[in-house]
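Please open the model in a viewer and keep the selection tool at hand.

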Amino acid sequence: MKVGFSIFSTAAFNPESVRFFATKAEELGYESLWMPEHVAFPTAFSSRYPYSEDGTYPGDMDLDCPEPLSVLNYAAALTKRVKLGTVIIILPLHHPLKLGKQLATLDVLSGGRVILGVGSGWLKEEFDALGIDWKTRGSRTDEIIQALRAIWRDNPASYHGKHFNFGPLTSFPKPVNGNIPIFVGGHSPANAKRAARLGDGLMPATSPENAAHAYAMMKEECQRIGRNPAEIEFNCSADKACWFGGYDKLAESARRLRDIGVTRITAPSTMFGLEWNIDAITRAMERVANDVIAKIN
């Protein structure tokens, strides 16, 4: 069981906090750091958040929500081992040529440590603000995944789809290992099937019961298309009891998730506390390292 956490779900975003989380995570043996993405939050919206029971967004929309790849580039320069992931990039908000170049550059600078977690988005008003058709987000997500693979793999690279059409052209650098793992976020049937058809991993951020159901749907789709489901890594968010100061519950959450096949557990940095207190956060991170990372496998 690999253990990582999503940074900057707290109020403290500055160079010192990035340096602290990145270097402390590497020192203590955390496997990965993850960054979320939102371009902007409308001051009012009616979109339903898919990961809460009542559909309301649990976060503070006035907190910093930095651009994820910029933060991960900075973290890459501070570390040598810890993996650098997105949880998640809202894929249909991006053009594959530009995103592919950004990710390949980060992968080279980090020595091949990038994991791309993707989703198709839940906030319609964010799409509206950017002038991107909400109704095509699923098909755009599929096309971007395929186009990224071509950009990273081929020289010259081409892609011809409904939404994106380019090539032949050259795009360098290429990722260190010729590819970057793509994990599909979400627990809907569409996302489970997308992970089976196009992904290297499935990443539901939901309850263990819903995650297990998503994993079963992914395996069923693999069987239908003739793919080995063992090729697809099962990554899952920690139980919600861990999200806000509940780092003492992470070991129990990790055991529950391991029992349903999860191989990596991620949790927001809020599990270390809601206030920016370096001493308290250090103690919490050390406890997770000693009680979970050192013992869960």
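The stops below each name a selection and describe what is found there.

The model is predicted: local features need pLDDT of at least 70, side-chain atom pairs count only at pLDDT 80 or more, and totals for chains, interfaces and linings use all residues. Residues are numbered from 1 along each chain as its sequence is written, and side-chain values use heavy atoms, with hydrogens and water left out.

**Stop 1: the whole chain**

The C-alpha trace spans about 55 × 40 × 40 Å along its principal axes. Of the 297 residues, 52% are buried, where buried means under 20% relative accessible area with a 1.4 Å probe, protein chains only. Among contacts with a separation of 6 or more, 73% join residues 24 or more positions apart; a contact means heavy atoms within 4.5 Å.

**Stop 2: the second largest pocket**

Select Glu37, Val39, Glu67, Leu69, Leu93, His94, His95, Lys98, Leu99, Gln102 and Leu130, which line the second largest pocket. On a 1 Å grid over the protein atoms alone, a pocket is an open set of points where a 1.4 Å probe fits, with protein on both sides within 12 Å along at least five of seven lines; lining residues have an atom within 4 Å of a point. The volume of this pocket is about 170 Å³, a volume being the space filled by probe spheres set on the grid points, which are joined across faces, edges and corners. Which helix supplies the largest share of the lining? Helix H3 (residues 96-110) does, with three residues.

**Stop 3: serine 237**

Next, select serine 237, which lies in strand E10 (residues 233-237). Is serine 237 buried or exposed? Serine 237 is buried, because its relative accessible area is 9%. Leaving aside residues up to four places away in sequence, serine 237 touches Pro204, Ala205, Thr206, Trp243, Leu257, Ile265 and Thr266. Methionine 203 is 34 residues from serine 237 in sequence, and their C-alpha atoms are 7.7 Å apart.

**Stop 4: two cis peptide bonds**

Select valine 87 and isoleucine 88: the peptide bond between them is cis, with omega near 5 degrees. Isoleucine 88 sits in the loop between strand E3 (83-86) and strand E4 (89-90). Finally, select phenylalanine 172 and proline 173, where the peptide bond is also cis, with omega near 5 degrees. Proline 173 is in the loop between strand E7 (165-169) and strand E8 (182-185).

Terms used: Helices (H or I, at least four residues) and strands (E, at least two) are DSSP runs, numbered from the N terminus. Buried means under 20% relative accessible area, exposed over 50%, partly exposed in between (1.4 Å probe, protein chains only).
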